[in-house]
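I opened this structure today to get my bearings in it, and I kept notes as I went. They start with the overall layout and then turn to particular elements.

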Amino acid sequence: MDHEGNPLRAREAGDTVAGRRMRELDRAEGLRLLSTVSLGRIVFTQHALPAVRPVNHLVEGEDIIVRIHGGGALASLTAPADVSAVVVAYEADVIDPVTHLGWSVVVTGYARAVSDADEVDRYAHLLRPWVAHRMTSVLRIRPDLVTGFRLEADPKLSVPAARA
């Protein structure tokens, strides 16, 4: 079965699967790739457990900017007045479902609410929502650690395909 539950076709004798190699990304390339997509996943702590939410973002300099709407799970990241920042991870990727080639980047750092009203207004125009919720605040993630990899084709590593 494929990733959508459809039966896979039986492979013919002699079929090969293109070899892939994994290449680590440096910080600059990882942040550049993040800036080419608008959807990622933020990992945070909710009720002392890890939680993940898909969100749209933009990259400004090295910062990842995320919109938040009131009442959502992410609103708790801006609520604690006695905490200036919280540790989060942010991940985005583009992996082709057929070739399994692409990239993935993870940013780990501190998230803080953006408090400047002019900045919040500017981000409200730049960050287009995927759902019909009014943006109530903005989160800025300052990366401490940027890791990532690219899955690339390597014809030298082609191997016979396993029979389905």
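The entries below follow the order in which I looked things up.

**Overall layout.** I noted before anything else that this is a predicted model. I looked up the elements and found 2 helices and 9 strands in the protein, which run from the N terminus on as β-β-α-β-β-β-β-β-α-β-β.

**Helix α1.** I went to residues 27–34, which form helix α1, and saw that Glu-29, Gly-30, Leu-31, Leu-33 and Leu-34 are buried there. I asked myself what covers the buried residues of α1. The cover includes strands β2 (20–24), β4 (49–60), β5 (63–68), β6 (86–95), β7 (102–113) and β8 (137–153). At the start of α1, I found a side-chain oxygen of Asp-26 within 3.3 Å of the backbone nitrogen of Ala-28.

**Strand β6 and its partners.** I traced β6 next and found it antiparallel to strand β3 (residues 39–46), to which 3 bridges join it, with Arg-41 standing opposite Glu-91 in β6. I also found β6 paired with β7 in the antiparallel sense over 10 bridges, and here Val-94 stands opposite Trp-103 in β7. These two strands, β6 and β7, form a hairpin with 6 residues between them, and in the turn I noted that His-100 has a positive phi of about 60°.

Note on methods: Residues are numbered from 1 along each chain as its sequence is written. This is a predicted model: local features need pLDDT of at least 70, side-chain atom pairs count only at pLDDT 80 or more; totals for chains, interfaces and linings use all residues. Side-chain values use heavy atoms; hydrogens and water are left out. Buried means under 20% relative accessible area, exposed over 50%, partly exposed in between (1.4 Å probe, protein chains only). Helices (H or I, at least four residues) and strands (E, at least two) are DSSP runs, numbered from the N terminus. Contact means heavy atoms within 4.5 Å. A polar contact is a pair of N or O atoms within 3.5 Å; within protein, one must be able to donate a hydrogen and the other to accept it, and residues adjacent in sequence count only if both atoms are side-chain atoms. Two strands pair if DSSP finds at least two bridges between them.
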